[in-house]
Amino acid sequence: MGFSAYTNKKGVRAGAAVVASAVAVAATVWGVATLVEPGSAGAASRQNVAGPNGTDKSGHGPAGRPGAQTGIPEGIAHSSESGGNAVNITIDDGPDPRWTPQVLDVLHKYDVKATFCMVGPHAKAHPDLVKKVVAAGHRLCDHTMDHDTAMDKKPVDYQERQILDAKRLIEEAAGNGAKVEYYRAPGGAFTPDSRRIAAANGMRPLGWNVDTKDFQKPGTAAIVNAVKREIGNGPTVLFHDGGGNRAQTVEALDQVLAWLGDQGRPTGFPVRTAPDAP
């Protein structure tokens with residue numbers, strides 16, 4: 001970060017104070033690697049949001065403080081309700097009329113339940129698919145209105161609109177009193193405020209441990225190998241049913257679920273009310 005040169009002693013002292021402050025702040029920030037995701041409701045950065053003690057990418061907590069009157073912790077969830085070696089399958093950026101039905105077919109084939117992180121306008125455009133997701137026993141997650149991966153740099157009222165407007169559209173599309181149970185920030189752009197807003201409205205902030213990078217379309221084998229390589233990081237796996245051609249994702253998901261079955265690993269849903277493990 002640049003700053004202006006000062007020509008008098010008072011200015012030099014002020015400049016030094018600015019630098020010292022910046023260094024102190026930088027020392028508290030949890031850095032994460034960023035990848036560009038083309039075509040997913042706009043270019044999107046993808047980050048592994050598994051910060052220490054459930055913190056968001058700014059390093060803020062506290063991880064386990066419950067939302068007002070909901071009992072939902074504000075900390076970012078990664079672990080599974082099923083505990084043990086259970087795996088959480090999460091599906092982002094839909095629903096999509098071409099790919100969501102194919103993803104649902106694969107999940108049905110293996111009798112696996114997943115969490116679908118939906119973009120509000122997509123849900124509004126395809127209420128039939130939202131209803132199919134719910135009818136099949138899967139859970140709903142709020143993935144905002146516009147998939148703005150820079151929303152952590154936007155005002156709190158903007159973050160609130162992005163989150164709550166999407167929640168409303170998804171629940172209206174689902175009908176029959178179905179609830180959105182999680183909130184996943186686009187690109188991992190969580191903030192303490194967005195986590196607070198989500199928890200206060202009954203949605204557990206949801207991270208991931210395994211980024212398959214399927215949005216890059218690296219090939220089916222690469223997606224499958226990413227899961228096998230990174231599953232030791234934790235149980236929550238990130239796939240996509242929106243944002244572009246997901247043929248590789250569908251095929252890879254089939255192979256991954258077969259592999260998990262061979263490994264004797266059950267699947268489950270991410271934790272909602274229990275504090276996540278550090």
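The paragraphs below lead through a predicted model of one protein chain, from its overall make-up to a few of its residues.

Because the model is predicted, local features are described where pLDDT is at least 70 and side-chain atom pairs count only at pLDDT 80 or more, while totals for chains, interfaces and linings use all residues. Residues are numbered from 1 along each chain as its sequence is written, and side-chain values use heavy atoms, with hydrogens and water left out.

The chain holds eight helices and ten strands, where helices (H or I, at least four residues) and strands (E, at least two) are DSSP runs numbered from the N terminus. Of its 278 residues, 51% count as buried; buried means under 20% relative accessible area, exposed means over 50%, and partly exposed lies in between, with a 1.4 Å probe and protein chains only. The accessible surface of the chain comes to about 12000 Å², and 54% of that surface belongs to carbon and sulfur atoms; such areas come from the Shrake-Rupley method with a 1.4 Å probe, and for residues only the protein chains shown count as cover. Among the contacts (heavy atoms within 4.5 Å) with a separation of 6 or more, 74% are made by residues 24 or more positions apart.

In helix H6, the buried residues include Ser-194, Arg-195, Ile-197, Ala-198 and Ala-199. Helix H5 (156-174), strand E6 and strand E7 (204-205) are among the elements that cover the buried residues of H6. Just after H6, Gly-202 takes a positive phi of about 85°.

What lies in the loop between strand E6 (180-183) and helix H6 (192-200)? Arg-184 has its place there, and at 0% relative accessibility Arg-184 counts as buried. The side chain of Arg-184 makes a polar contact with the side chain of Asp-92 at 2.8 Å; a polar contact is a pair of N or O atoms within 3.5 Å, and within protein one must be able to donate a hydrogen and the other to accept it, while residues adjacent in sequence count only if both atoms are side-chain atoms. Leaving aside residues up to four places away in sequence, Arg-184 touches residues including Cys-117, Cys-141, His-143, Phe-190 and Trp-208. The C-alpha atoms of Arg-184 and His-143 are separated by 5.3 Å, although these residues are 41 residues apart along the chain.

A disulfide is a covalent bond between the sulfur atoms of two cysteines, and the criterion used here is a pair of cysteine sulfur atoms within 2.5 Å. A search of the whole structure finds zero disulfides. Cys-117 is in no disulfide, since its nearest cysteine sulfur, that of Cys-141, is 3.1 Å away. Cys-117 is buried, with a relative accessible area of 0%, and Cys-141 also counts as buried at 0% relative accessibility.

Rings of Phe, Tyr and Trp (its six-membered ring) pair if their centres lie within 6.5 Å, and planes under 30 degrees apart count as stacked, over 60 as edge-to-face and the rest as tilted. By this rule the count comes to one aromatic pair. Tyr-183 is buried, with a relative accessible area of 0%, as is Phe-190, at 1%.

Some backbone details complete the tour. Thr-144 lies in the loop between strand E5 (139-142) and H5, and its phi is near 75°, a positive value in a residue other than glycine. His-147 lies in the loop between E5 and H5 and has a positive phi of about 50°, although it is not a glycine. The peptide bond from Gly-94 to Pro-95 is cis, with omega near 0°.
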